[in-house]
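I am keeping these notes while I look through one structure, one topic at a time. I write down each value together with the cut-off behind the word I use.

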Amino acid sequence: MANSRSTVIRWSIFSVGGLVTLAIIFNLFQQFPPLSVTSGMNSEEYKPAPLLYIPPLGLGTWQISKSKTSTVVKFAIEKGYRHIDAALIYGNEKEVGEGITQSGIPRSSLWVTGKLWNDAHEPSLVRPAVIKTLEDLGLEYLDLYLVHWPVAFKPGTGRKIFIDNVNILETWRAMEELVKEGLVRQIGVSNFNQAQVEQILRHARIRPSAHELETHPFLQQSAFVDWNLAQGLRVIAYSPLGNMNPIYEASDTPLLQDPFLTPLAQKNGVTVAQLSLSWNMHRGVVVIPKSEHKDRVFENLQAQFVRLSDDDVQAINAYDQKARFNNPIDTWGVQLYGGLDGV
């Protein structure tokens, strides 16, 4: 009997140890995938394989000042971030690239997203736009390139609002060419409504793989999120902490001080930021919180380890305010978000 018990104990230890070892090996292969050996190529021609998944928590870089961007990006990567969300219109891509370089992390271990700005929707301008982004970031390719908005400005106007009538399908065809050329690995959309995504899906030769949009406990867009996921698009939440971005100038109670979310976070022994980020990840949404402060950057990263009960998730689900904070409809004079919440 004693021998039988000791055998069971040894087998249990071996089984647990084996599972841990396999988990570690799997993680290493994900973070540092092996090089692909191609016949007829010398060692100088080997290219590192990209990450095959979007890390569920990334660093947003919108509204990070240029003077702080490289330091924040370097710190975030050193602490464990493997997903950086950038865009040409943010004005800090060079600094993002500097932070990536200074971190010393292998390119193959990072997921980097870029975005096509509104004044480059003309098909002939799409490739030059991504080349500019790659040069600024100091990278050879992007993991994901998004059409930033379903709105076209006249070429070269930057932030000035001159609406141009460019067929979004023509822009998408040019985006597909970037994938074929190897400049980007995947392409997607941002701030589209369902009808606009459906239009792309009907005609795309290369389907969008992701949709970046505003969603947080105050603007949950549950039906739209579920619809995107059902179409095979990963959903990436920008502004996942709601109205905490000063640019919104919102009069509502700041999300991090919300009287409903605060005690729920305290009950779980986490911050409101961690609670909100974890809630989104629990429903399969990738989050890209932004902060210039190192302590908050690190705090946000810990959200991926927070586990919420079903009751807590359902409680947050029932708290939807349908409050949208990023809405340039009046400024741009165009209709956006048709059929979606918070309009």
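**Ground rules.** I note that this is a predicted model, in which local features need pLDDT of at least 70 and side-chain atom pairs count only at pLDDT 80 or more, while totals for chains, interfaces and linings use all residues. Residues are numbered from 1 along each chain as its sequence is written, and side-chain values use heavy atoms, with hydrogens and water left out.

**Entry 1, two helices.** Two packed helices are described by the angle between their axes and the distance between the axes. I looked up helix H2 (residues 66–79) and helix H3 (residues 93–103), whose axes come within 7 Å and cross at roughly 35 degrees. Helices here are DSSP runs of H or I with at least four residues, strands are runs of E with at least two, and both are numbered from the N terminus. The axes are lines fitted to C-alpha atoms, for helices over the stretch in contact, and the angles run from 0 to 180 degrees between N-to-C directions. The crossing of H2 and H3 is right-handed, that is, the near helix is turned clockwise from the far one by less than a right angle. On the H2 side the contact (heavy atoms within 4.5 Å) is made by residues including Lys66, Val73 and Ile77, and on the H3 side by residues including Val96, Gly99 and Ile100.

A pair of aromatic rings is described by the distance of the centres and the angle of the planes. I found that a search of the whole structure gives nine aromatic pairs, where rings of Phe, Tyr and Trp (its six-membered ring) pair if their centres lie within 6.5 Å, and planes under 30 degrees apart count as stacked, over 60 as edge-to-face and the rest as tilted. Trp117 and Phe153 form an edge-to-face pair, with 6.0 Å from centre to centre and 85 degrees between the planes. Trp117 lies in the loop between strand S3 (111–116) and helix H4 (123–137) and Phe153 in the loop between strand S4 (142–147) and H5, so this pair ties together parts that are 36 residues apart in sequence. Both Trp117 and Phe153 are buried, a word I use for under 20% relative accessible area, with exposed for over 50% and partly exposed in between (1.4 Å probe, protein chains only). Ring pairs also link Trp117, Trp149, Phe153, Trp332 and Tyr337 into a cluster.

The charged end of Arg324 sits over the ring of Tyr337, 3.8 Å from its centre, and the charged end of Lys79 sits over the ring of Phe298, 5.9 Å from its centre. The rule asks for NZ of Lys or CZ of Arg within 6 Å of the ring centre and within 35 degrees of the ring normal.

Is Thr171 buried or exposed? Thr171, which has its place in helix H5 (residues 168–181), counts as buried because its relative accessibility is 0%. Arg107 lies in the loop between H3 and S3 and counts as buried at 18%. Leaving aside neighbours within four places in sequence, Arg107 is in contact with Val112, Leu139, Tyr141, Leu142 and Asp143.

Asn191 is not a glycine, although its phi is positive at about 65 degrees, and Asn191 is buried at 3% relative accessibility. Lys322 has a positive phi near 50 degrees, and at 46% relative accessibility Lys322 counts as partly exposed.
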